[in-house]
Amino acid sequence: MDKKKIRLRPLIQGIYALLSNGWLQGFFTGTIFKGNTKSICLPGLNCYSCPGSFGACPIGALQATLTAAEFKISLYVTGFLTIVGAAVGRFVCGFLCPFGWIQELLHKLPFPKKLKKLPGEKLLRWLKYLILAVFVILLPMFFIDATGIGKPWFCAYICPAGTLEAGLPLTIANSALRQALGFLFTWKVAILISVILLSLLIWRPFCRYLCPLGAIYGCFNPIALLRFKIDENKCTGCGACQKACPMDLPVHQKPNGMECVRCGKCREACPTDAIEIWRKKK
Amino acid sequence: MRERTKNIIALCLMAGGLVALIAGILRGEAADVLRKATMICLECIGIG
């Protein structure tokens, strides 16, 4: 991830989003892709009911296996998330998440005021861990019906990515689904509109405050093989990295914090090139 | 924590993750994911 690659990041995000959601006929027919690749999780938050999606959403798949009466503990998805997280941490959020990319594009739109953070930022950031624990793990595991099957609570009541990537295109193209819409759809559209409006104001609000996948990958950031390292001999503590960071993180003090999505803007801004990718010394 | 220790932890986690992933596939979780991912998820789109 050198500086040239950082400048290519929006292109990588766009190409990845299109490649992973490239079954275009689904958008016109109101159907979804049904091939075998759907058993493979994609690294980013990408609804598996998006008409174009070739893979499965890891959060959707995690809930699907947790809610299944025969499994209860999801070895397949936790194994996948552990491998990806330990390798690259939240690099996935910065480069390989279609919903993160969409929020970034929205943030580029002109808006009277742009904020670096919301009031109560520190507390709000803990929300995603609460959502992960309650809506992704505990409720699907323990709030079960008479047949022993649970419900994907995060997908059902919160996920705005599902509403944008699957709910809207499918209900626009599929009249049978359109007729079944009710209060829940209105609730989810309201969440989506809130995230869209917030994205105009601050950078990636869903990723900062609500995303359970970001919460999982964030836990791996401090030890992931892909890490930042501050060269103490070069760093002057000028704070240019924090000023450039769209999340307002003090990168020079804590280069591998749980919130960093590895967008690399700090490295680009550092006047002394003090922020390095950790590499084994030769 | 030393950088080397972090790398060892990451590699151990990746190895453990791989074992879990394979175990999950063997006990049919990937097939279950495929079954659910190839049906329109009514909860995801705000109907169910």
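Author: Helices are DSSP runs of H or I with at least four residues, and strands are runs of E with at least two, numbered from the N terminus. By that rule, L8(A) lies in the loop between helix 1 (3–7) and helix 2 (9–20) of chain A. The model is predicted, so that local features need pLDDT of at least 70 and side-chain atom pairs count only at pLDDT 80 or more, while totals for chains, interfaces and linings use all residues. Residues are numbered from 1 along each chain as its sequence is written, chains are lettered from A in the order in which they are written, and side-chain values use heavy atoms, without hydrogens and water.

Reader: Why is L8(A) called partly exposed?

Author: Buried means under 20% relative accessible area and exposed over 50%, with a 1.4 Å probe and protein chains only; because L8(A) has 40% relative accessibility, it counts as partly exposed.

Reader: What makes the link between E3(B) and R227(A) a salt bridge?

Author: A salt bridge needs a side-chain nitrogen of Lys or Arg within 4 Å of a carboxyl oxygen of Asp or Glu, and the closest N and O atoms of E3(B) and R227(A) are 2.9 Å apart. The count between chain B and chain A is one salt bridge.

Reader: How many residues of each chain take part in the contact?

Author: With contact meaning heavy atoms within 4.5 Å, 36 residues come from chain B and 52 residues from chain A. Buried area is the accessible area (1.4 Å probe) that two parts lose on being put together, summed over both; between chain B and chain A this is about 3600 Å², with 71% from carbon and sulfur atoms.
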